[in-house]
Amino acid sequence: MNTTLKVYLNHPLAVMPELATEWSACFDLRACFEPGDEIAVHNSVNEKFVRVVDEESSIYLYPKERMLIPTGLIFDLDETQSVRIHPRSSLGWKFGVTIPHSEGIVDADYIHETFILLQNNSDLAFPIAHGDRLLQAEVVEN
C-alpha cells in the first residue's frame with residue numbers, strides 16, 4: 001500500500017521525512033534543534049532537567065539517560081492512520097542507543113510536534129547533532 005505522508009514543518013530547520021533508499025520500508029526522523037534550545041532529559045534515577053544545545057548545534061546523551069529530542073514535524077493524519085516509530089538498529093548495535101519502549105505511536109488525533117525519545121544504554125556519551133537520523137517511522141492504516 002502506498003500511503004501519502006502529510007506533515008507540517010514546525011521549525012524553520014526541520015527536515016522533511018524521506019526514505020533513505022528506494023526500497024526503504026520506513027522514513028527517517030531527524031533531530032531538529034539549534035544553539036540555545038533546551039532539551040528535556042531524565043537521568044538514571046528519574047530526575048528531570050534540561051540540557052542546552054551548544055553553539056555547534058549538538059548535544060550529548062550521557063550513559064543511562066533518556067532524552068526527548070524535537071523533530072520539528074507535526075503529522076497530519078487521517079482518522080484511520082497512525083505513525084509507528086521504530087529504533088534504527090544501527091544505533092542500538094553500534095552505540096547502545098535505542099528507544100526505551102520498543103515502538104512509539106503517533107495517533108491521528110495528536111496534533112503537536114513529534115519528539116524522539118532516546119535512551120543511552122551504553123557507558124559512553126552519545127553525541128547528537130541537528131539533522132542526525134535517529135529513528136525510523138511508517139504510516140499505518142488502522
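The structure is a predicted model, in which local features need pLDDT of at least 70, side-chain atom pairs count only at pLDDT 80 or more, and totals for chains, interfaces and linings use all residues. Residues are numbered from 1 along each chain as its sequence is written, and side-chain values use heavy atoms, with hydrogens and water left out.

Strands are DSSP runs of E with at least two residues, numbered from the N terminus. Two strands count as paired if DSSP finds at least two bridges between them. By these criteria, five strands form an open sheet in the order 4-3-6-11-9. The pairing is antiparallel. Strand 4 (48-52) and strand 9 stand at the edges. Each has a single partner strand, so one side of each lacks a neighbour in the sheet.

Strand 3 (residues 38-42) pairs with strand 4 over five bridges, in the antiparallel sense. Within this pair, His 42 has Lys 48 of strand 4 as its bridge partner. Strand 6 (residues 66-70) and strand 11 (residues 115-120) also run antiparallel and are joined by five bridges. Here Met 67 stands opposite Leu 118 of strand 11. Strand 9 (residues 97-98) is joined to strand 11 by two bridges, again antiparallel. Thr 98 has Gln 119 of strand 11 as its bridge partner.

Strand 11 also takes part in a pocket lining. Rolling a probe the size of a water molecule over the atoms shows where empty space is left. Lining residues have an atom within 4 Å of a point. A volume is the space filled by probe spheres set on the points, which are joined across faces, edges and corners.

The second largest pocket has a volume of about 180 Å³. Its lining consists of 14 residues. Ile 85, Ile 105, Val 106, Thr 114 and Phe 115 lie nearest the centre of this pocket. Strand 10 (104-107) and strand 11 are the elements that give two or more residues to the lining. The lining divides into 10 nonpolar, three polar and one charged residue. Nonpolar covers Ala, Val, Leu, Ile, Met, Phe, Trp, Tyr, Cys and Pro; charged covers Asp, Glu, Lys and Arg; the others, Gly among them, are polar.

Leu 73 belongs to strand 7 (residues 73-75). Relative accessible area was classed with a 1.4 Å probe on protein chains only: buried is under 20%, exposed is over 50%, and partly exposed lies in between. At 1%, Leu 73 is buried. Contacts are heavy atoms within 4.5 Å. Leaving out residues up to four places away in sequence, Leu 73 touches residues including Val 7, Leu 9, Val 15, Leu 29 and His 112. Leu 73 and Arg 30 are 43 residues apart in sequence, but their C-alpha atoms are 9.5 Å apart.

The whole structure holds four salt bridges, each a side-chain nitrogen of Lys or Arg within 4 Å of a carboxyl oxygen of Asp or Glu. One of them joins Asp 78 and Lys 6 at 2.8 Å, N to O. Asp 78 lies in the loop between strand 7 and strand 8 (81-87), and Lys 6 in the segment before strand 1 (7-9), so the pair ties together parts 72 residues apart in sequence. Asp 78 is partly exposed at 36%, and Lys 6 is partly exposed at 34%.

Arg 133 and Asp 28 form another salt bridge, at 3.0 Å, N to O. Arg 133 is in strand 13 (residues 133-141) and Asp 28 in strand 2 (residues 27-30), so this pair ties together parts 105 residues apart in sequence. Arg 133 is partly exposed at 32%, whereas Asp 28 is buried at 9%.

Glu 65 and Arg 51 also meet in a salt bridge, at 2.8 Å, N to O. Glu 65 lies in the loop between strand 5 (58-61) and strand 6, Arg 51 in strand 4, 14 residues apart. Glu 65 is buried at 7%, and Arg 51 is buried at 16%.

Lys 64 lies in the loop between strand 5 and strand 6. Its phi is positive, near 70°, although the residue is not a glycine. Lys 64 is partly exposed at 36%. Asn 46, in the loop between strand 3 and strand 4, has a positive phi of about 65° and is not a glycine either.

Technical notes: Helices (H or I, at least four residues) and strands (E, at least two) are DSSP runs, numbered from the N terminus. On a 1 Å grid over the protein atoms alone, a cavity is a set of points where a 1.4 Å probe fits but cannot get out, and a pocket is an open set with protein on both sides within 12 Å along at least five of seven lines; lining residues have an atom within 4 Å of a point.
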